[in-house]
Amino acid sequence: MLRYLVRRIFYAGPILLGVCLATFALFYLSVSPEQMARRNISAKNPTQAQIRDWLVARGYDKPLQEQFTRHARSLFLLDFGKSDSTGEPIAQRLRQGAVPSLIVGSGVLFGSVGASVILALFVAAFRGTYVDRWATVLCVAGMSVTVLVFIIAGQYLFGKLLVWFPLAGYQSGIGGLRFAVLPILVGVASALGANVRFYRTVILDEMGKDYVRTARAKGVSEPRVLFVHVLKNAAIPILTSFVLSLPFVVTGSLLLESFFGIPGIGSYMVDAIDGQDFAVVRAMVFLGTVLYLVGAVLTDVSYALVDPRVRLE
Amino acid sequence: MILADCLAGLVVAACALALIHMLRSPLWSRAVSGFRRRPGAMFAVAVLGLYSLVAIADSFVLPARAGQPPETILDKLFARPQERTYSAPLAERTSEATPQPLLGRHILGTDGLGNDVLYRTLKGVRTAFLIGGATTLLVLPLALIFGLLAGYFGRWVDDAVQYVYTVFDSIPNILLLIAIMFVLGQGLLQMCLALGLTSWIGLCRIVRGETLKLRERGYVTSARALGYGSGRIIVRHILPNLLPILIIYATLSFSRLVLAEVILSYLQVGVPEYVGSWGNMIDAARLELTREPVIWWNLASATVAIFLLVFSLNVISDELRDGIDPSLRGA
C-alpha cells in the first residue's frame, strides 16, 4: 500500500508539470500583462503610468522565466500570493471561505449520493414496470433543466413563498446551519436526475449477475438482496463518482454559493471573475487540480478498502 | 458576424452529411424506423425539427431595404415593437405602477427593456445550435485523431496521448472552462474553443478504447496481412465501426453544451449581451421573481426553450443507443 502511494505521488509530478505548462500558456502567453492591467484597473482610461505601477506592484513586469518560477511555485507549493485587485493574501481568504464551502459542499455530496442511491435501488427494484419507465423519463427531464432554474425556483418557492428558510445569507456557528439547508436541498435536487439514472444502470448491471440468483435461490429476501448484496458490489462505481466530486466540496459550488450569498470559496471565485482578478482565478484552478489528483489517489485506496479483490501493487 | 455565418454553414453541412450517412446505412435506418413505434422518440424528433427550422429561419438574411439594418426571416416574422418595460403575456398594458398602453401584442410578454420575450427566446435557438454544433465540430476531429492514433499505434503514441488528456483532465472541468473564457474574453468563438478544449477528453478516451478492441478483430488482421497501409486500415476498416458511438456521443454532448452555455453566461463569461442567448435571458431574469407583481414569463420561456431542446436531444441519443448498440445501454 505504502509503495503504491509513493508511486502514485511520484506519477503526479509529470502531470502537475503539464498542468503548470498549460496554465502558464493560458494565463501568461495568451493575454499580455498590459491587457490584464487594463481589465483589472477600474478607471476607464488608465494612463501608461497607472498601468506600469499596477504591473510593478504585482510583479507582472518581471521577465517571463521569473514569472514562470512564481507560477510553478504557486502550483506545486500552493503558495498563492496576493489578490490582483485587493492585494490581500489569497490563502487567507481561502481559509475563511473553507468552512462555509465545506458545510454546503459536504451536505450536497452526502445528500445527493445518499438520496440517489436509495432512489436508484427503489427504481431498480421495479425494473421493467411503469414505475421504472416513468422514473427514467423523470430523470431525463431533471437532467434537462439547468441548475440555475433549480436554484431560482427553489429560492423563490421555499425562501419567498413558503418562507421555510432564509432567502440568502450566512452566519457562522450552529445558527448558520439553517442558511445551509436550502442550498443543500437545491444542490441535491439538481443533481438527482443524472445520479439516479447512472446508479440505476450500475445497480441493474449487478442484478443480472449470478450471485444475485444464488442469493434469491437461498431464500434471501428481496430488500436484503438489494441493500446488502447488490449495494456492496455496486460500491466501486459509486465510490468513484463520490471521490471525483470531492474537489467541489472544497472549491464549493460557484452557483449555489453566489445565489445564496454564502461567503465560501465558490463565491470568492465568482467575485474574482467579476473583478477581473487573474491571480485569484489562477489560484482556484491550481487548488482544484491538486485536490482532484489527491481525490484520484484516494479513489484507488478506497477501492482496496471496499473490495477485497482489489490489491494495490 | 461573418465568422458566425461560416460556422453556421459548417454546422449545417455536417448535420446534412450525418443525416445522409444515417439514411444510407441499413443499421441506422433500422434504428430510425424503430422511432416510428415510439411516441416519445417521435415527439423528440419533431421538437428538434422545429428548432432547426427556427435556427435556419434566423440564418437567412432577407435583402435589406434602404436605410434599414439587414433582417433575417425570423426577424421579419417575429420582431415586435419595443415597449417601455415589462408587460405580462397577452397583456394590453405594461406592468408599471401606472400602466401604459402597449404598442403591439406580445404572446409571451416583454422583458425589462421592453423586448418581446417570444422573439428573444427564438433568437436564442440559433446561438444554442451554433455553440453546440461548432463545438462538436471541434471536438470530433480532435478526439478522433488522437484517439485513433493512440489506440491503433499504441506504445509511445499511446503514452503521449494519454499524458496529454490526463493533464487536461486533472483540471476540474468547470474551473478550466471558466479560466479559458475568463482569459480569452466573452464571445461566441471563444466559447466554442473553451467548450471544445474541455470536452474532447471523454470522447477521446472512448475512441481509444474502441480502437484498441477493433485493432485485434479478424478483418483488421487480414487487412494487415493483405499488406494494406495503416492509413487505409484506420480510415476504411476502423473508422466506420466508430461512427455509431460518435453520433450518439455528439447528440449527448450537444445537450450538455447547451446547458453549459447557460451557466457560463450567468457567470459573466459567456456570450456577450447583444447576442440573444438563453443564458443571458436567465441571467437577466434571476432577480425578477422578487419584484411585485412577479415577473415570471421571461424566466419561464427561456427555461421551457432549453428544456424542450435538451430533453429531446437526450431522448434521441438514448433511443439511438438502444437501437444501435444495446451493449452501450446506460453508458
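**Notebook: side-chain contacts in a predicted model**

I began with a neighbouring pair in chain B: the side chains of B:Arg215 and B:Glu216 meet in a salt bridge, at 3.3 Å from N to O. B:Glu216 counts as exposed, because its relative accessibility is 54%. The model is a predicted one, and I read every value below as computed from it.

**Salt bridges**

I searched the whole structure and found 9 salt bridges over all chains. I looked up two more of them. In chain A, A:Arg216 bridges to A:Glu222, with 2.9 Å between the closest N and O atoms. A:Arg216 has a relative accessible area of 32%, so I put it down as partly exposed. A:Glu222 is also partly exposed, at 34%.

In chain B, B:Asp169 forms a salt bridge with B:Arg205, and the closest N and O atoms are 3.2 Å apart. What does this pair tie together? B:Asp169 belongs to helix H6 of chain B and B:Arg205 to helix H8 of chain B, so the bridge ties parts that lie 36 residues apart in sequence. B:Asp169 is partly exposed at 24% relative accessibility, and B:Arg205 is partly exposed at 37%.

**Aromatic pairs**

For B:Phe146 and B:Trp200, the ring centres are 5.6 Å apart and the planes are at 40°, so I noted the pair as tilted. An angle under 30 degrees would have made the pair stacked, and one over 60 edge-to-face. This pair links distant parts of the chain: B:Phe146 is in helix H5 (residues 117-153) of chain B and B:Trp200 in helix H8 (residues 188-215) of chain B, 54 residues apart.

Are the two residues buried or exposed? B:Trp200 is buried, with 3% relative accessibility, whereas B:Phe146 is partly exposed, with 33%. I also noted that B:Phe146, B:Trp200 and B:Phe168 make up one aromatic cluster.

I then checked B:Tyr152 and B:Phe153. Their ring centres are 5.1 Å apart and the planes stand at 90°, so the pair is edge-to-face. B:Tyr152 is buried, at 8% relative accessible area; B:Phe153 is partly exposed, at 36%.

**Charges over rings**

I looked up two cases. B:Arg232 lies over the face of B:Tyr228, 4.0 Å from the ring centre. In chain A, the charged end of A:Arg133 sits over the ring of A:Tyr130, at 5.2 Å from the centre.

**Nonpolar surface patch**

I found a nonpolar patch on the surface that draws on both chains: A:Leu17, A:Leu21, A:Phe76, A:Leu77, B:Tyr163 and B:Val164, with about 540 Å² of accessible area together. Which elements give two or more residues to the patch? They are helix H1 (2-29) of chain A and helix H6 (155-170) of chain B. B:Val164 is in helix H6 of chain B, and I noted it as partly exposed because its relative accessibility is 35%.

**Cysteines**

How many disulfides are there over all chains? I counted 0. I looked at B:Cys204, which is in no disulfide; the nearest cysteine sulfur belongs to B:Cys192 and is 20 Å away. A disulfide needs the two sulfur atoms within 2.5 Å. B:Cys204 is buried, with 0% relative accessibility. A:Cys20 is buried too, with a relative accessible area of 0%.

Note on methods. Residues are numbered from 1 along each chain as its sequence is written. Chains are lettered from A and ligands numbered from 1 in the order in which they are written. This is a predicted model: local features need pLDDT of at least 70, side-chain atom pairs count only at pLDDT 80 or more; totals for chains, interfaces and linings use all residues. Side-chain values use heavy atoms; hydrogens and water are left out. Rings of Phe, Tyr and Trp (its six-membered ring) pair if their centres lie within 6.5 Å; planes under 30 degrees apart count as stacked, over 60 as edge-to-face and the rest as tilted. Helices (H or I, at least four residues) and strands (E, at least two) are DSSP runs, numbered from the N terminus. Buried means under 20% relative accessible area, exposed over 50%, partly exposed in between (1.4 Å probe, protein chains only). A charge sits over a ring if NZ of Lys or CZ of Arg is within 6 Å of the ring centre and within 35 degrees of the ring normal. Patches are made of residues with over 30% relative accessible area and no salt bridge: like charges are joined within 9 Å, nonpolar side chains (Val, Leu, Ile, Met, Phe, Trp, Tyr) within 5 Å. Accessible areas come from the Shrake-Rupley method with a 1.4 Å probe; for residues, only the protein chains shown count as cover. A salt bridge is a side-chain nitrogen of Lys or Arg within 4 Å of a carboxyl oxygen of Asp or Glu.
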